[in-house]
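The exercises below are meant to be worked with the sequence and the structure side by side. Try each task before reading the solution that follows.

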Amino acid sequence: MSVTINTKINGQSVSANAEASTSLLEFLRDTLEMKGSKLCCNTGECGACTIIYNGKPINSCVTMAADANGAEIVTIEGLANGDKLHPVQQAFIDTGAVQCGYCTPGYIISVKALLDRTTKPTPEDIEEAVSGNICRCTGYNKIVDAIHLAADRIAGRA
Amino acid sequence: MDYFEPKTVSEALSVLAKHGAEAKVIAGGTDVMVDIKFKEEPGSLVNIKKLPGLSGISENGGSLRIGALTTIRDLETSAILRDKLPVLWEAAHQFASLQVRNTATIGGNICRASPSGETLAPLLVLEATAKCAFSDGEKNQPFTSFFQGPGKSVLGAKGLLTEIDVPYPAAGSKSVYLKHAVRGAMDIAMVGVAVQITPDAGKNTIQDIRIGLGAVAPTPIRAPKTEALLRGKPLTAALLKEAATLAGSESSPITDQRSSGEYRRWIVEALTRRGLEQTWKAATGKEVA
């Protein structure tokens, strides 16, 4: 059965139809052709599909597309301002926190959600914020460096 | 697959009455969406996520009322829950990942009726009650008789969990929830143990003891023989050892990809011992003699 979904993605109103069994990730990638959010485990364990849903990071692969109705969603495509990258994106580049890059959109969204809450995250805040994201190239130290750098830049400390 | 978004509990119950066993209730979706993709699509999906009035935490005299649609993150960030029901807070805190906690609901964790459901051993130890809605009326069901097997509860195919009521532990009680898993985040517990000790007025003996075991039987269980052994006694080293062994024997763990049954039983013993030591010390200020 098809469901009509009226939602707001990266500030833009979107209306489209999807099968009721469709996940929000499939809706983004296949219906709307927004390929930035990544499909990986498809079970809510790896965080590659992380998006911000009504201000909170969630796994879009285990969320129903129908639940986007009336929601405000932010995806990786919504972070850069024209050619100017978001401070979190720039910090990942500047610290070399990217290897293959497949996990990176999910990480960046998790970190953006964290830094929207606080620009002085504690080590516990950081661990909590990215504990649902897996990087299989093993870049965790540099990812933590990137989070500190982004926080400092957003808060005007660097 | 048919799809329903009922606007009220009674509308949801009518849909369930009509579609029964081939209908699947979905809220957060963190479990059901995985089933849809990797197992099979249900005949119909009943999305209750936006049902009004089923979300939130409120004080109710000597207990907390928690709406079934309250997310695990809402539990984790509730100051009153952390203060009054620390054993349930600990389970919420250790639950999966932040992304999952932001979506998953306590009602979903309960209705899934998985033996390893993170909040279930704490709810058994807290002697919480489930408010279950059926088309012919409401029923308050203690969690000690709520679960009937893996994936099965008294709700059957036609009932809906609307709220849970969790009484505050008796004054002076101390509790702990210990989870054994490989990866800190995301891992399903190989074993989860909840322990709550209430000392006597002089803090010399165990007046009341409750032990909940997760992931080591077809449902989350209490360990009644171990509790009976401990009740009314001071916690000595010999009693601690005997209690831990007995708790292991009250479990009936399976072997699966996460660990062998034998290993799980050892972990039940270890976590029971650890949980008893910690709560005894916290409740009485005494080391195990």
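**Exercise 1.** In E12(B), which residue is the bridge partner of B:Leu178?

*Solution.* Bear in mind throughout that this is a predicted model. Begin with the strands: E11 (residues 174-180) of chain B runs antiparallel to E12(B), and 7 bridges join them. Within this pairing, B:Leu178 has B:Val193 as its bridge partner in E12(B).

**Exercise 2.** Find the strand E13 of chain B and describe how E12(B) pairs with it.

*Solution.* Strand E13 of chain B covers residues 206-214, and it pairs with E12(B) in the antiparallel sense over 8 bridges. As one example, B:Gln196 has B:Arg210 as its bridge partner in E13(B). Next, follow the chain through the hairpin of these strands, where 6 residues lie between them and B:Lys203 takes a positive phi near 60°.

**Exercise 3.** Explain why strand E12 of chain B is described as largely enclosed.

*Solution.* Count the buried residues: 9 of the 9 in residues 191-199 of chain B are buried, so the strand is largely enclosed by the rest of the structure.

**Exercise 4.** Describe the contact between chain B and chain A.

*Solution.* Start with its residues, 32 from chain B and 34 from chain A, and continue with the buried area of about 2500 Å², of which carbon and sulfur atoms give 53%. Finally, turn to the 3 salt bridges between the chains, including the one that A:Glu128 forms with B:Arg101, whose closest N and O atoms are 3.5 Å apart.

Definitions and conventions: Residues are numbered from 1 along each chain as its sequence is written. Chains are lettered from A and ligands numbered from 1 in the order in which they are written. This is a predicted model: local features need pLDDT of at least 70, side-chain atom pairs count only at pLDDT 80 or more; totals for chains, interfaces and linings use all residues. Side-chain values use heavy atoms; hydrogens and water are left out. Contact means heavy atoms within 4.5 Å. Buried area is the accessible area (1.4 Å probe) that two parts lose on being put together, summed over both. A salt bridge is a side-chain nitrogen of Lys or Arg within 4 Å of a carboxyl oxygen of Asp or Glu. Buried means under 20% relative accessible area, exposed over 50%, partly exposed in between (1.4 Å probe, protein chains only). Helices (H or I, at least four residues) and strands (E, at least two) are DSSP runs, numbered from the N terminus. Two strands pair if DSSP finds at least two bridges between them.
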